[in-house]
Amino acid sequence: MKEVCFLRFPRLIIHTERIKYNAELITKLTQKHGISLTGVTKGACGNVAVAKAMIEGGVSSLADSRLVNLHKLRNYFGQDLSLLLLRLPALSDIEQVVEVADVSLNSEFEIIEALDRAAMQRGKKHGVILMIDLGDLREGIWPDQAIEITSKICKLKHVFLQGIGTNLTCYGGVLPTQNNLNQLVEIANEVQKKCTYQLCYISGGNSSSLYLLQEGKMPPDINHLRVGETILIGQDPALFKPFPQARRDTFTLQAELIEMKIKPSVPIGIVGRDAFGRIPAKATDKGKRLRGILAIGEQDINTDGLRPQAKGVEVLGASSDHLLIDLTDYEDEIKLGDYLSFDINYSNLLKTMTSPFVEKVVL
Ligand SMILES: *Cc1c(COP(=O)(O)O)cnc(C)c1O
């Protein structure tokens, strides 16, 4: 890897070639099944280098949950690229939604009507994907409301129903299956009868739906997916394991060593609560250990999803600005001012990309 020596710590190295490789991998997989793929950039805070890698890898449009990120993408890519707003539009944001997004996911008719008015005022057409809640209990209308609400949407002049969709495995942890996605297809078929024009998409979810493609269990009528996590960090959130052939070393987090001392492995004194009011887990007594502190903390990361690249480094925990590690079994030399590197999970990607304290380095 090219040595980057002129920037501050902590830093997050973004390996765009590897992200592009993942985007290619998932694009090929979805294309084979006639599925069009929207790349989701929200995990990387709408970073344009990441978005560009997704586009080069073949995704046909981009999506993000935040308007600020969509603005960044719009400014960079111009008007030709289709942008999708993932989070339900807020009434107070309607004008901006119509301005920056071509399409949005929706579940409230009152808001869809407001989008219609705003689109009329701007002489635009705005696409709506109506979300159906198939049991995960995050966004979406209940299936028995689908007909009534689509009949109303299809009468609007400046909003068009681009399709229907669902989102799973986000709040309730409900997995996409042949069964619930077939239910989505059935709803789409019913809804289509109420609409005078052809709906484009049956949008069958996020990264957690990809395993169905691999197992040959994706209902053939599902023709759209919105994928972030698997492209960004090569993880399959449904099976909770690395996605076959995808790269997981797409982002490298590096933080600097600011203390290194031999100390006991168990706190001394009456133990109350930690900096966040949590009761510390009982530490096992391993005797005296070589402990280090890295200059990064819960403000920028979660300790659970950090995978040290070097052997013999163990993450112990963190407070807001200090990450505690055990270096006793680390075999290389290390001194104050050196840094350690980590691979990261999705929540760490989200936090590091959002933290203004973490320098972003695009490779
Ligand atoms: C975040 C999100 C996605 C993408 O999820 P990944 O797990 O990153 O693939 C898709 N759809 C909606 C509605 C989302 O909020």
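Which residue just after H3 takes a positive phi of about 80°? It is Gly78.

First, the ground rules. This is a predicted model, in which local features need pLDDT of at least 70, side-chain atom pairs count only at pLDDT 80 or more, and totals for chains, interfaces and linings use all residues. Residues are numbered from 1 along each chain as its sequence is written, and side-chain values use heavy atoms, with hydrogens and water left out. The labels H and E refer to DSSP runs numbered from the N terminus: helices are H or I with at least four residues, strands are E with at least two.

Now helix H3, residues 67-77. Leu67, Asn69, Leu70, Leu73 and Arg74 are buried there. Buried means under 20% relative accessible area, exposed means over 50%, and partly exposed is in between, with a 1.4 Å probe and protein chains only. Looking down the axis of H3, the buried residues fall within an arc of 155°, so they line one face of the helix. The arc is taken from the directions that run from the helix axis to the C-beta atoms. Val68 and Asn75 are exposed on the other side of H3.

What covers the buried residues of H3? The cover includes helix H2 (48-57), strand E3 (61-64), strand E4 (83-85) and helix H4 (94-100). Contact here means heavy atoms within 4.5 Å.

Take H2 from that list. The axes of H2 and H3 come within 10 Å and cross at roughly 60°. Axes are lines fitted to C-alpha atoms, for helices over the stretch in contact, and angles run from 0 to 180 degrees between N-to-C directions. Val48, Ala51, Lys52 and Ile55 in H2 meet Lys72, Leu73, Tyr76 and Phe77 in H3. The residues of this contact divide into six nonpolar, no polar and two charged. In that count, Ala, Val, Leu, Ile, Met, Phe, Trp, Tyr, Cys and Pro are nonpolar, Asp, Glu, Lys and Arg are charged, and the others, Gly among them, are polar.

Next, strand E2, residues 36-40, which holds Thr38. Is Thr38 buried or exposed? Thr38 counts as buried, because its relative accessibility is 1%. Leaving aside neighbours within four places in sequence, its contacts include Ser61, Leu84 and His224. Thr38 and Leu84 are 46 residues apart in sequence and 8.4 Å apart in space, C-alpha to C-alpha. The side chain of Thr38 makes a polar contact of 2.8 Å with the side chain of Ser61, and another of 2.7 Å with that of His224. A polar contact is a pair of N or O atoms within 3.5 Å; within protein, one must be able to donate a hydrogen and the other to accept it, and residues adjacent in sequence count only if both atoms are side-chain atoms.

Last, some backbone details. Most residues other than glycine have a negative phi, and most peptide bonds are trans. Leu137, in the loop between strand E6 (126-131) and H6, has a positive phi near 65°. Leu137 counts as exposed, at 54% relative accessibility. Phe240 has a positive phi of about 55° and lies in the loop between strand E10 (235-236) and strand E11 (241-242). Phe240 is also exposed, at 70%. A cis peptide bond joins Phe9 and Pro10, with omega about -10°. Pro10 sits in the segment before strand E1 (11-14).
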